[in-house]
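Here is a friendly tour of the charged pairs in this protein. Have the sequence and the model at hand as you read.

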Amino acid sequence: FEKLVVMANSLFAYGVRSEHLPGIGKAMHDALHRVLALPCGGCGKDEWNQQITAAWEWLWKLIDNGLSSRIDSAEADHPELARESWDHIKSTRSDVEIGDA
């Protein structure tokens with residue numbers, strides 16, 4: 001969860017808003033699909049299947065929900081909530097864990 005808060009704060013600072021997330025998710029899905037749907041050099045089969053599609057949709061829903069709630073909070077002008085969350089993360093995690101190293 002902490003990584004999503006960090007990512008959401010960064011995305012918000014770059015101008016990303018919740019309404020952009022479906023497009024980001026689709027682009028990531030399409031990129032993964034293109035790579036995994038390529039035939040394997042050894043066996044000739046592709047790695048993409050319905051199970052991977054379902055797993056991606058489940059994972060992206062979790063990511064989207066986490067990012068959206070933090071981005072919406074920042075956009076609603078609740079910087080104190082974002083700051084408190086960030087301070088909590090910084091006090092409970094190492095710089096390496098949150099990607100500040």
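Let's begin with lysine 26, which counts as exposed at 51% relative accessibility; exposed means over 50% relative accessible area, buried under 20%, and partly exposed in between (1.4 Å probe, protein chains only). The model is predicted, so local features need pLDDT of at least 70 and side-chain atom pairs count only at pLDDT 80 or more, while totals for chains, interfaces and linings use all residues. Residues are numbered from 1 along each chain as its sequence is written, and side-chain values use heavy atoms, leaving out hydrogens and water.

**Salt bridges overall**
- The structure holds four salt bridges, each being a side-chain nitrogen of Lys or Arg within 4 Å of a carboxyl oxygen of Asp or Glu.

**A pair within one helix**
- Lysine 26 forms a salt bridge with aspartate 30, with 2.8 Å between the closest N and O atoms.
- Both sit in helix α2, four residues apart, and are thus separated by about one helical turn; helices are DSSP runs (H or I, at least four residues) numbered from the N terminus.
- Aspartate 30 is partly exposed, at 22% relative accessibility.

- Arginine 93 and glutamate 2 meet through their side chains in a salt bridge (3.0 Å, N to O).
- Arginine 93 lies in the loop between α4 (79–92) and α5 (95–98) and glutamate 2 in helix α1 (residues 2–13), so this pair ties together parts 91 residues apart in sequence.
- Arginine 93 is partly exposed, with a relative accessible area of 34%.
- Arginine 17 and glutamate 75 also form a salt bridge, their closest N and O atoms being 3.5 Å apart.
- Because arginine 17 lies in the loop between α1 and α2 (21–36) and glutamate 75 in helix α3 (residues 50–75), the pair ties together parts 58 residues apart in sequence.

Technical notes
Helices (H or I, at least four residues) and strands (E, at least two) are DSSP runs, numbered from the N terminus.
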